[in-house]
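Reader: I am new to this structure and would like to know what lies behind the words used for it. Please show the structure and then take my questions.

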Amino acid sequence: MSEMDATDHAILAELRRDARASMTAIAEAVHISRAGAHARIKRLADLGVITGYTVRTDPVQLGHHASAYVMLAIEQATWQDVQARLRAIPEVEHMALVGGDFDVILLVRASDARDLRRIVLEDIQAIPSIRSTRTTLIFEDFTRE
């Protein structure tokens, strides 16, 4: 986006690091006034660059002791229906439509291996237009701070 400069990128980096940071803290970190930081953040939100604020959580602390990436091959003309059905599965944390050997990649969080098995075999594979799945277990994952 050509409307963004180095200061905008610095503000976004600060918000990614701590979305709860005060306007004063963000302004000090990027060396602008508090009013300037506020105006830039509002502009970035109005432009759709900032789409919301979130919190990072530890999946294990939340009781999700089994996580996996599940790759799906689907009948491509049915993507909208597949997407809607996958969104209804609460354990699907992230979904991406991709190119390559598979059409969709899911990040699935489950309480344990038995629960993960149920989600993949009973919930995901029950969607009629999913042709095949491949599940890759996650032993440990990291989030960039």
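The questions and answers below go from the overall form to single residues.

Author: Please keep in mind that this is a predicted model.

Reader: What makes up the secondary structure of the protein?

Author: The protein has 5 helices and 4 strands. Read from the N terminus, their order is α-α-α-β-α-β-β-α-β.

Reader: Why is the protein called more spread out than a compact globule?

Author: For 145 residues the globule rule gives 15 Å, whereas the radius of gyration here is 20 Å. The value is well over the rule, so the protein is more spread out than a compact globule. Along the principal axes, the C-alpha atoms fill a box of roughly 55 × 35 × 25 Å.

Reader: What makes a set of residues a nonpolar core?

Author: The residues must be buried, belong to the nonpolar kinds such as Val, Leu and Ile, and be joined through side-chain atoms within 4.5 Å. The largest such core has 21 residues, and Leu-72, Leu-86, Val-104, Leu-106, Val-108 and Ile-124 have the most contacts inside it. Two or more residues each come from β1 (66-74), α4 (79-87), β2 (92-97), β3 (104-110) and α5 (113-124). The element that gives the most is β1, with 5 residues. A second, separate core has 11 residues, including Met-4, Ile-26, Ala-27 and Val-30.

Reader: Which residues does Val-104 touch, leaving aside its neighbours within four places in sequence?

Author: Heavy atoms within 4.5 Å count as a contact. On that basis Val-104 is in contact with Val-70, Met-71, Leu-72, Ile-74, Trp-79, Leu-86, Met-95, Ala-96, Leu-97 and Val-98.

Reader: Where does Met-23 lie, and which residues is it in contact with beyond four places in sequence?

Author: Met-23 lies in helix α2, residues 23-30. Its contacts, with those neighbours left aside, are Arg-34, Ala-37, His-38 and Ile-41. Met-23 and His-38 are 15 residues apart in sequence, and their C-alpha atoms are 6.6 Å apart.

Reader: Why is His-31 called exposed?

Author: Exposed means over 50% relative accessible area. His-31 has 71% relative accessibility, so it counts as exposed. This residue is in the loop between α2 and α3 (34-46).

Reader: What is the phi of His-31?

Author: His-31 has a positive phi of about 65°, although it is not a glycine. Most residues other than glycine have a negative phi.

Reader: Asp-46: is it buried or exposed, and what makes it so?

Author: The cut-off for exposed is over 50%. With a relative accessible area of 57%, Asp-46 is therefore exposed. Asp-46 also has its place in helix α3.

Definitions and conventions:
Residues are numbered from 1 along each chain as its sequence is written. This is a predicted model: local features need pLDDT of at least 70, side-chain atom pairs count only at pLDDT 80 or more; totals for chains, interfaces and linings use all residues. Side-chain values use heavy atoms; hydrogens and water are left out. Buried means under 20% relative accessible area, exposed over 50%, partly exposed in between (1.4 Å probe, protein chains only). The radius of gyration is taken over C-alpha atoms; the globule rule is 2.2 Å times the number of residues to the power 0.38.
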